[in-house]
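User: Hi! Could you walk me through this model?

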Amino acid sequence: MATQETARTLGQKVLAGLSAWRFYSVLGVFLVVVLTLGWRLVDLHVVDNDFLRKQGDVRTIRVETIDAHRGVVTDRYGEPLAVSTPVQTLWANPSETDPGEPRLANLARLLDIGEAKLRERLATYAGREFIYLRRKVQPGLASKAMDLDISGVYTRQEYRRYYPAGEVTAHVVGFTNIDERGQEGMELAYNEWLSGESGRKRVLKDNRGRVIKDLTLIRDASPGHNLELSIDLRLQYLAYRELKAVVGAHDARGGTLVMLDVGTGEVLAMVNQGSYNPNDRSQLAPENLRNKAITDLFEPGSTMKPITMAAALESGQYSAKQTIDTSPGYRRFGRFTIRDHRNYGVMSLTDIIVKSSNVGISKIATDLGGETIRNLYARLGLGQPTGVGFPGEAVGVLPAPPKWRPVEEATLSYGYGMSVNALQLAQAYMVIANGGTRYPLSLMKLDGKPVGQRVLSEKVTQDVRTMLGEAVARGTGKRAQPGFYSAGGKTGTVHLVGARGYEDSQYKAIFAGMAPIDNPKIVTVVAVDAPQSGEYYGGEVAAPVFSRVMSDALRLLNVKPELEVGTAGLRAERTGERG
């Protein structure tokens, strides 16, 4: 019994020893773990805290783009023609947005998009972190969308281009795409100058992606440069108004008007019909995008007769008082016949311009030779780029055959067998208007007078201006008289050229002129395509537009009226020939 009791007591002691060992072992392990974790926490938070900071930054700090503000386009007096305004863009993170979210119906209705399409897009791109919902909306609309408090829906600031003058300046200014990159006009030509450079910044965001704090600026955005055009918005408006009215009144296919400053070569107005509103492109017709004044070519017709006359006077073979016998009123060149409206008989050089005699000017051309006429055309800038740097400019065709045929010399003298754009034609008349100096044309406002190149003498241009003044006072351009200002100019009526050659029943009515005739300030070219209602002659369709535009333009430019009421009325009543 004693032995058993002793064994039992010994066993109990052994078990008690084992239990104590286990207890202290577990306690020791627990303490080691606690100390290890404690040390690790101290290490992460105090000694080496880069790891946690980096992990936190990965989850909460983002780098965002700072959009650059696109430069403002203005007219010569600082009136805005294109500006960028801040707007909001709504986007979503599909991985955070439940396609079955009930409030998506309200969001779709607010953004005017299909609810089913919205849910389908969110489901389709569930693995992505970014999709656009609606770009460049008004801040008020974006605020309403965010008030719905839909998980994964966010906003960001962008800029939207706005054109205060709308369709009036559309063809000159052009427009940008949704990313504010130039697509047409000066917006395209000077895209890099206007664009600027985007910046970057670090921001702190919460778990819903909302910016809590701007942390650091990595690179500031560099705004685009402003662009000051030569356009005078006042003249642009009145030119657009009158051109649109005449195109509508005559049911014409379209029209173009260009106005130049005689002393600098700056473009003061440039308008076309049809046009478009760059602020609303939902009804945009591609054929209306072209700036026809620069991109479209046409045969200038009788508007070239004063230039041919300048070549004649410059040659020394002719003087202003000389006469030409135009009998019997036509000339034959093989199977080609050149005709006047009637047999004018013996005509002075001035009357050849006044009555727009094809026979008279063609006889002069035969004496001069085609090369002489062509050379002057080229010196005036025809068949060459104008230098304005406008996208899509067409330079035209100025023939240069190795040997001139008589019929080619004849038709060249009155503007057939060649092609120009309206801006080139205005440039040629600018040289006549300013005394013989060819200035480079500019769509940008100039700080001073440019350096020009003399291409004609003062005497020659003075004689031609006198002839142009008579053409308005008593000839084909009598309806171009601009109120109480004297003017000079030349009409033109030419067949339009189609895919199969000349269109027999389709014409372009043209008038090119200047005012005041004794000291010209402005040159204007008006061209109306295919007038269908009423007359189609340049003197009946284009000349009245010139009259109204020039009268208002000269008043706006504070040019003193020259004519008394009675004189102006008398000039307006004089009759003349059609041209």
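**A pocket and a threonine**

Analyst: Happy to. α15 (406-413), β19 (488-498) and β20 (501-515) each supply at least two residues of the lining of the second largest pocket; helices (H or I, at least four residues) and strands (E, at least two) are DSSP runs numbered from the N terminus. This is a predicted model, where local features need pLDDT of at least 70 and side-chain atom pairs count only at 80 or more, while totals for chains, interfaces and linings use all residues. Residues are numbered from 1 along each chain as its sequence is written, and side-chain values use heavy atoms, leaving out hydrogens and water.

User: Which residues are closest to the centre of that second largest pocket?

Analyst: Those are N358, Y414, Y416, T493 and H495, out of 26 lining residues.

User: Switching topic: is T89 buried or exposed?

Analyst: T89 is buried, with a relative accessible area of 0% (buried is under 20%, exposed over 50%, partly exposed in between, with a 1.4 Å probe and protein chains only). T89 lies in strand β3 (residues 80-92).

User: And which side chain joins T89 in a polar contact of 2.4 Å?

Analyst: That of E158. A polar contact is a pair of N or O atoms within 3.5 Å; within protein, one must be able to donate a hydrogen and the other to accept it, and residues adjacent in sequence count only if both atoms are side-chain atoms. The backbone nitrogen of K136 also lies 3.1 Å from a polar atom of the T89 side chain.

User: What's the mean pLDDT of the chain?

Analyst: The mean is 87, and 85% of residues reach 70 or more; pLDDT is the predictor's confidence in each residue, from 0 to 100.

Conventions: On a 1 Å grid over the protein atoms alone, a cavity is a set of points where a 1.4 Å probe fits but cannot get out, and a pocket is an open set with protein on both sides within 12 Å along at least five of seven lines; lining residues have an atom within 4 Å of a point.
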